[in-house]
Amino acid sequence: QVQLVESGGGLVQAGDSLRLSCAASGRTSSRYAMGWFRQAPGKERELVARSSWSGDITYYADSVKGRFTISRDNVKNTVYLQMNSLKPEDTAVYYCAADPLLVTTRSRYWGQGTQVTVSS
C-alpha cells in the first residue's frame, strides 16, 4: 500500500504561481510512476502531467505545456507540480496518483486532493 498526501493548493490570481507537493509513504521501496490529475466541477478528472520513476519520461496535457513542470525527489518520496502563469481555467481539485507502471485514471493509489482556485 502507498499513501499519498498532497499540499500546496490555495487561492491565487491569474498569472501567479503555485507549487503542489505530493508526499508518498508506505511501500515506497517499490518504484512508482507518479502523476497529477485535476477535476473541475461538472467535469471529468483529467491528466495534467505524469513522470516515470526516474523522471526522464514526462507527459503534459496540451493545456499546461510550457506553464507546468512535474518533478520528483525519490529520496524524499515526493513529486511536485510547479504551476506558473496560472489561468482561471486551471481552477480544480488537483490529485496525485501513483502506479507501478503508467499513471492513468485507473491507477490504484490516489491522494485526497488539494484545491487550486485561480481568480481573474
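View 1. Ala98 is tucked away as buried, at a relative accessible area of 1% (buried means under 20% relative accessible area, exposed over 50%, and partly exposed in between, using a 1.4 Å probe and protein chains only). This is a predicted model, where local features need pLDDT of at least 70 and side-chain atom pairs count only at pLDDT 80 or more, while totals for chains, interfaces and linings use all residues. Numbering starts from 1 along each chain as its sequence is written, and side-chain values use heavy atoms, with hydrogens and water left out. Ala98 belongs to strand β9, residues 92-99 (strands are DSSP runs of E, at least two residues, numbered from the N terminus). Its contacts beyond four places in sequence include Leu4, Tyr32, Met34 and Tyr109 (contact means heavy atoms within 4.5 Å). Leu4 sits 94 residues away along the chain, yet the two C-alpha atoms are separated by 8.1 Å.

**View 2. Trp36, a buried residue in strand β4.** Strand β4 covers residues 33-39 and holds Trp36, which is buried at 0% relative accessible area. Look for Ala97 too: 61 residues apart from Trp36 in sequence, but 6.3 Å apart C-alpha to C-alpha. A polar atom of the Trp36 side chain lies 3.5 Å from the backbone oxygen of Tyr80.

**View 3. Thr114, a buried residue in strand β11.** Thr114 is part of strand β11, residues 114-119, and counts as buried at 12% relative accessibility. A polar atom of its side chain lies 3.2 Å from the backbone nitrogen of Gly9. Gly9 is also one of the residues that Thr114 touches, among them Glu6, Leu20 and Tyr94, leaving out those up to four places away in sequence.

Technical notes. Helices (H or I, at least four residues) and strands (E, at least two) are DSSP runs, numbered from the N terminus. A polar contact is a pair of N or O atoms within 3.5 Å; within protein, one must be able to donate a hydrogen and the other to accept it, and residues adjacent in sequence count only if both atoms are side-chain atoms.
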